[in-house]
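Here are a few exercises to work through with the model open in your viewer. Try each task before you read its solution.

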Amino acid sequence: MTTSPTPVMRQHAEQQFAEELEALRRDDSRSRPENWALSPWAVVRYLMGGKLDSGFEVSPKYIGNPRLMEIAVATLATDRALLLYGVPGTAKSWVSEHLAAAISGNSTLLIQGTAGTSEEQLRYGWNYAQLLANGPSEKALVPSPLMQAMRTGRIARVEELTRIPADVQDSLITVLSEKTLPIPELGSEVQAVRGFSVIATANNRDKGVNELSAALKRRFNTVVLPVPASEADEVAIVVKRVAEMGRSLQLPAEPPALKEVRRIVQIFRELRNGKTEDGKTQVKSPSSTLSTAEAISVINSGMALAGHFGDGVLRPHDMASGLIGAVVKDPVQDQLVWNEYLETVVKERTDWKDLYRAFRDLD
């Protein structure tokens, strides 16, 4: 008896976009670095989207300045590691995953940085049962994702690098400069195979950030990913991701009307920028980051409410609680900021009366 595979909530990029990656491989006649699945040109095309010579349409994964993606890919084609830097919600992890998927065909060699990340998690650990029974040996060694990437010539990803304690961060210096990982317990080392590199992400807004040492900074080429430059870009990102996640989560609701997406994005941008889109009114900014990712979350939450407890059509009252939750992180300071914005901006817009009533109904 055969059983169908259990559906997962979220596929890895190389699984979800396998058809696009295969189409790019077929059309890709340009030179590629050793152990790369695609040429640098094809990696950028995968990220930015577009029509191939065969007529196949590649969907955009990153909506923004293509030059940033070209710089990122060119960095990985050299001996430099790549640091994707920016405020929360600027698609750093998303870009990191897709870069690894397109270059290595594997985005899963991942180390999640936290305040508790140890040097062993970055470098290697030990199977203590084997270690006690037989002493240090290759069999007792537990390779980290970084070591696996070095051995196979692939991309290793380090998420939230600045959350890792500074002394642990610096254990990367030898790997990035010498392309070697010493194993003194065995009197040996792992030398990186061509194709190996590291993509790290970091942001400067979260608490608990550990500054990178000057020595480690020199080993990275930094690409700063900005917030979407225009409202149109941000709306396009939100519409695309909401549609993808709605299908993945099987939300029983219609895709949101463009008008509703634009209103949520406009609220986020105005509070984030401290002024209305027309520049005529100054507003206070809350303590929350109000990233594009949070706007996507607000709309997905609203779609779940509309689908499971409404008529399947996203309406203002479906989004109201999620939006307030995204804005009001500090119950005192942020609540004052939100109330002022609600009364001086939302209330005064004649075509936003339904949205204003939805917010007030929650008071």
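**Exercise 1.** Find the residues in contact with Y341, leaving aside its neighbours within four places in sequence.

*Solution.* Keep in mind that this is a predicted model. Next, look at the rings: Y341 is joined with W338 and F359 into a cluster by ring pairs.

**Exercise 2.** Work out which residues have the most contacts inside the largest nonpolar core, and which elements give two or more residues to this core.

*Solution.* The largest nonpolar core has 37 residues. Inside it, I267, L323, W338, Y341 and F359 have the most contacts. Now go through the elements: two or more residues come from each of α12 (231–249), α13 (258–273), α14 (292–309), α15 (316–327), α16 (333–346) and α17 (353–360).

**Exercise 3.** Describe the aromatic pair formed by F17 and Y46, and say where its two residues sit.

*Solution.* The structure holds four aromatic pairs. For F17 and Y46, take the distance first: 6.4 Å centre to centre. Then take the angle: the planes are 80° apart, and over 60 degrees counts as edge-to-face. Now place the residues: F17 is in the loop between α1 (13–16) and α2 (18–27), while Y46 belongs to helix α3 (residues 40–48). They are 29 residues apart, so this pair links distant parts of the chain. Both F17 and Y46 are buried.

**Exercise 4.** Which rings do R30 and R241 lie over?

*Solution.* Take R30 first: its charged end sits over the ring of W41, 3.8 Å from the centre. R241, in turn, lies over the face of W94, at 4.1 Å from the ring centre.

**Exercise 5.** A91 and E160 both have a positive phi. Find where each one sits, and decide whether each is buried or partly exposed.

*Solution.* A91 has phi near 70°, and it isn't a glycine. Its place is the loop between β3 (81–85) and α5 (92–104). Relative accessibility is 26%, so A91 counts as partly exposed. E160, also not a glycine, has phi of about 55°. Look for E160 in the loop between β7 (155–159) and α9 (166–169). Here the value is 18%, and because buried means under 20%, E160 counts as buried.

Methods: Residues are numbered from 1 along each chain as its sequence is written. This is a predicted model: local features need pLDDT of at least 70, side-chain atom pairs count only at pLDDT 80 or more; totals for chains, interfaces and linings use all residues. Side-chain values use heavy atoms; hydrogens and water are left out. Rings of Phe, Tyr and Trp (its six-membered ring) pair if their centres lie within 6.5 Å; planes under 30 degrees apart count as stacked, over 60 as edge-to-face and the rest as tilted. Helices (H or I, at least four residues) and strands (E, at least two) are DSSP runs, numbered from the N terminus. Buried means under 20% relative accessible area, exposed over 50%, partly exposed in between (1.4 Å probe, protein chains only). A charge sits over a ring if NZ of Lys or CZ of Arg is within 6 Å of the ring centre and within 35 degrees of the ring normal. A nonpolar core is a set of buried Ala, Val, Leu, Ile, Met, Phe, Trp, Tyr and Cys residues joined through side-chain atoms within 4.5 Å. Contact means heavy atoms within 4.5 Å.
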